[in-house]
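Visitor: I have just opened this entry and would like a walk through it. Could we take the overall picture before the details?

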Amino acid sequence: ALAAEKDGTPVFKFPRWRVKGKTIKEVAEAYKSVGAELNVLPFCTQFIPMDIIDSPKHGSIIYHPSILPRHRGASAINWTLIMGDKKAGFSVFWADDGLDTGPILLQRSCDVEPNDTVDALYNRFLFPEGIKAMVEAVQLIADGKAPRIPQLEEGATYEGIQKKENAEISWDQSAEVLHNWIRGHDKVPGAWTEINGQMVTFYGSSLLKSSVPPGEPLEIKGAKKPGLVTKNGLVLFGNDGKALMVRNLQFEDGRMIPASQYFSAGETSVVELTPEEVKVAGTIKVIWAGILSNVPVIEDSTDFFKSGASSMDVVRLVEEIRQKCGGLQLQNEDVYMATKFADFIQRVVRKLRGEDQEVELVVDYVSKEVNEMTVKMPYQCFINGQFTDADDGKTYDTINPTDGSTICKVAYASLVDVDKAVAAAKDAFEKGEWGRMNARERGRLMYRLADLLEENQEELATIEALDSGAVYTLALKTHIGMSVQTFRYFAGWCDKIQ
């Protein structure tokens, strides 16, 4: 809308286009006042009646996130995941009285990855490729080359999944079917089950390809095997013995938590805001008020979603906070996990203070007096952000090659440890903070790593000399010194977008 206004394009912002099923006259008049030759509609407006969107010259075209006619209606892309389809995509078609039954203009498809969610499909394909396709469709119409391919009714489904009662999980199924059911209902209406007498909704499902991590058992109604609350999430089991993991849980009161915190939820104390943080909270309150225009006053107890906000408002909230609060980068999950205003401010403040980061790393060292200093060397496996003993407890001697002496006993990683490390690395790469932050921030962190290497280069070179037998001065200048320069070189490339 901002870009359109700068180009002189008329922009209208209405909270709704109809009341009690009747079109608001003001909206209809504003819509028709631009005299458009062609109406190009995203799927979220496809239900506007034809008497509003009618264009005498070309008519209207609609984008719909589905490969018609396989699935139709508001839940089409959800059913793509629920049914385990290997292909997803979208259609651009000419609007008729049925709105998503008109002739097809063009279609685009993509492969569905095993752990794709609705959000993932939108971000990777449906949004970016959909924009390109709509541009192409308009150009085809302008050139008089736009086809009108009749749709087939055979195989078409219209069933919606918007009712919560229809999203209950049936547990006597394979892990893959359970995973498809959960990811297909994410974020609306949310697949749920009963735990300890209350409805709990699951979000962020992925198939577990590695070994099952240790965790605390959690009884789930209807499930033959208890779930496991682990450091990374809640592990669930299918009737085929295979497993999946969900990352977030939502309770009946709307509260959402990381699944890993199921047994510790509610233990966080309330932090007192500094004067600067109070100003940030005031700015955010104004943003909430702008989005929740039907709420007279934003109170601490105001619930974002119960006040009428939708998933699109989550995107708007995150973006406006980034723009107006010094570039503070939140994730959509931050909103879902703190839906009440007071809770949301607490979450934002903790993020500003860095308190949402991992707890301090616990490291066991072996210490040696070498080169007129005390060097401390970790000797355990480093897996998923933690130092830990090998799964089977085995160790081996690491030798100083200059004199054959034993430096210390080091954890001897087993196949189980390797599987855990690879799975953790894959998860961090695909879903961790590094992939979500912007390139400039990645560069800043790499510069910081180079600085830390340089600050501790004498200690690192001493350890390198001990462990590899390298001459100390060579290790200082080359092994460590050139590592510092390498990190700085690539840090400089991070924000060179060309």
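Predicted model: local features only at pLDDT ≥ 70, side-chain atom pairs only at ≥ 80, totals over all residues.

Visitor: How many bridges join β8 to strand β12?

Guide: There are 7, and the two strands run antiparallel. Strand β12 comprises residues 243-250.

Visitor: Which residues make up β8, and is the strand mostly covered or open?

Guide: Strand β8 takes in residues 198-208 and is mostly covered, with 8 of its 11 residues buried.

Visitor: What about β7 and β8: how many bridges join them?

Guide: Strand β7, residues 191-195, is joined to β8 by 5 bridges, and the pair runs antiparallel. Within that pairing, T193 stands opposite V200 of β8.

Visitor: How many residues lie between β7 and β8 in the hairpin?

Guide: The hairpin has 2 residues between its strands. In this turn, N196 has a positive phi of about 50°.

Visitor: Where else is there a positive phi in a residue that is not a glycine?

Guide: N371 is one example, with a positive phi of about 55°. Its place is in the loop between β14 (365-370) and β15 (373-378). N384 is another, with phi near 55°, and is found in the loop between β16 (381-383) and β17 (386-388).

Visitor: Why does N371 count as partly exposed?

Guide: N371 counts as partly exposed because its relative accessibility is 39%, and that class lies between the limits of 20% and 50%. N384 counts as partly exposed as well, at 31% relative accessibility.

Visitor: Changing topic, how many aromatic pairs does a search of the whole structure find?

Guide: The search finds 15 aromatic pairs. In one of them, the rings of F305 and Y336 have their centres 5.1 Å apart and their planes at 10°, so the pair is stacked. This pair links distant parts of the chain, as F305 and Y336 are 31 residues apart. F305 is in the loop between α7 (275-291) and α8 (311-324), while Y336 is in helix α9 (residues 332-336).

Visitor: Are those two buried or partly exposed?

Guide: F305 counts as partly exposed, at 22% relative accessibility. Y336 counts as buried, because its value is 11% and the limit for buried is under 20%.

Visitor: Which residues form the aromatic cluster?

Guide: W288, F304, F305, Y336, F341 and F344 form one aromatic cluster.

Visitor: What UniProt annotation covers residues 275-352?

Guide: An unreviewed UniProt entry carries the annotation "domain: Carrier" for that span. In the model, residues 275-352 are 62% helix and 0% strand, and their end C-alpha atoms lie 14 Å apart.

Visitor: On to the surface. Which residues form a nonpolar patch there?

Guide: F12, F14 and V34 do, with about 250 Å² of accessible area together. V34 sits in the loop between α2 (25-33) and β3 (38-41), and V34 is partly exposed, with a relative accessible area of 43%.

Visitor: Finally, the whole protein: how many helices and strands are there?

Guide: The protein has 15 helices and 19 strands. Along its principal axes the C-alpha trace spans about 90 × 55 × 50 Å. Of the 498 residues, 38% are buried.

Terms used
Residues numbered from 1 in each chain as written. Heavy atoms only, no water. Buried < 20%, exposed > 50% of the residue type's maximum accessible area, 1.4 Å probe, protein only. Helix = DSSP H or I, 4+ residues; strand = E, 2+ residues; numbered from the N terminus. Pairing = 2+ DSSP bridges. Patch = residues over 30% accessible without salt bridge, like charges linked within 9 Å, V, L, I, M, F, W, Y side chains within 5 Å. Areas by Shrake-Rupley, 256 points an atom, 1.4 Å probe, with all protein chains shown as cover. Salt bridge = Lys/Arg side-chain N within 4 Å of Asp/Glu carboxyl O. UniProt positions renumbered as here; feature names shortened; annotations may be inferred. Phe/Tyr/Trp six-rings, centres within 6.5 Å; stacked < 30°, edge-to-face > 60°.
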